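Dear colleague,

Please find below the structure that I am handing over to you. I would be grateful if you could look through it alongside the notes that follow.

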Amino acid sequence: MKRLAAVAILAASLTGLWFIQPAAADRLDDVKARGRLVVGVSDTTPPFSFRKPGDTTVIGYDLDVVHAVAKRLGMPVETVSVSSAERIPMLKDGKLDFVATSMTRTPERLGEIDFSFIYFVTPHAVIVRQSSGITSVHQLAGKKASSASTSTAGPNLKEVVPNVELVYVRDYALAFGLLKDGKVDAFPTDETVLRAIVQQDGHPDDYVFLPDFTKSRNVGFALKKDEPRFKETVNKALLDVETSGEAAKIFDTWFGPQSQQPMARKFKIQAD
């Protein structure tokens, strides 16, 4: 077969039929031709990507970083609200340029998709109702915990408490609602998301963070695989957001200058 292929190539070149195929367009070319970025966002992940009650615009830390990147690419942003379960399929189908929903970079996900530089590092945590009397994650054995579908927080909890029953729902708001209504005993997810949700609920003292569960997670933009030019362009923009000082301002806007949260300006440290 190799010899036949070589003969065919030689024959084509001798007869003047040999030519170089033009490079196929990639995601970066598509974005430039379209003139805007199409970004998947969440409605229910404060303070990263969410809507305030009654508002139609998605806001948050992730969105500010997205707009900072888009400014460096010289184009506007079109946002598409997606659930946790929809993120990867829509990305793989090419319906989104990237996803900005406080998404955790994991080895399993890297088998399907790619990620930008990490721009936020934060732990997973677990909350329970104060009235439950639960003080340790190990007391969740045989109990129920809610989790957003495809979230890594649920499996992380199950690693520690193998016989906890996970109840998967569409998004974080529904997961919190199950805990609030007493239909589950715990709700694990990003610590900053949990703190924002209980503050928005207006009764933060009704909930307790279990002190013996924490697992660090790295947040980045989720990208379609095998788009090296687009990934490089996004990463360069992220680095410029950092070096310009804009990353620090965005971080302070959402977490405060005295916040003990992991610094959002660690793009270089978290680069590949």
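The notes below cover a cavity, a helix and several aromatic rings.

This is a predicted model, in which local features need pLDDT of at least 70 and side-chain atom pairs count only at pLDDT 80 or more, while totals for chains, interfaces and linings use all residues. Residues are numbered from 1 along each chain as its sequence is written, and side-chain values use heavy atoms, with hydrogens and water left out.

Cavity

A search of the whole structure finds 1 cavity of 30 Å³ or more. On a 1 Å grid over the protein atoms alone, a cavity is a set of points where a 1.4 Å probe fits but cannot get out, and lining residues have an atom within 4 Å of a point. The volume of the largest cavity is about 70 Å³, where a volume is the space filled by probe spheres set on the grid points, which are joined across faces, edges and corners. Its lining includes Arg 87, His 124, Tyr 172 and Asp 190. Strand β5 contributes the most, with 3 residues; helices (H or I, at least four residues) and strands (E, at least two) are DSSP runs, numbered from the N terminus.

Helix α8

Why is helix α8 largely enclosed by the rest of the structure? The reason is that 8 of its 11 residues (residues 191-201) are buried, meaning under 20% relative accessible area with a 1.4 Å probe, protein chains only. Among the buried residues of α8 are Val 193, Leu 194 and Ile 197. The buried residues of α8 pack against several elements, including β7 (120-129) and α10 (246-255), where contact means heavy atoms within 4.5 Å. After α8 comes Gly 202, whose phi is positive, near 90 degrees.

Aromatic rings

There are 14 aromatic pairs in the structure. Rings of Phe, Tyr and Trp (its six-membered ring) pair if their centres lie within 6.5 Å; planes under 30 degrees apart count as stacked, over 60 as edge-to-face and the rest as tilted. Phe 48 and Phe 120 form an edge-to-face pair, 5.2 Å centre to centre with 80 degrees between the planes. This pair links distant parts of the chain, 72 residues apart. Phe 48 is buried, at 0% relative accessibility, and Phe 120 is buried, with a relative accessible area of 0%. The pair of Phe 176 and Tyr 207 is tilted because its planes are at 55 degrees.

Yours sincerely

Definitions and conventions. 1 Å grid on protein atoms, 1.4 Å probe; cavity = no way out; pocket = protein on both sides within 12 Å on 5 of 7 lines; lining within 4 Å. Buried < 20%, exposed > 50% of the residue type's maximum accessible area, 1.4 Å probe, protein only.
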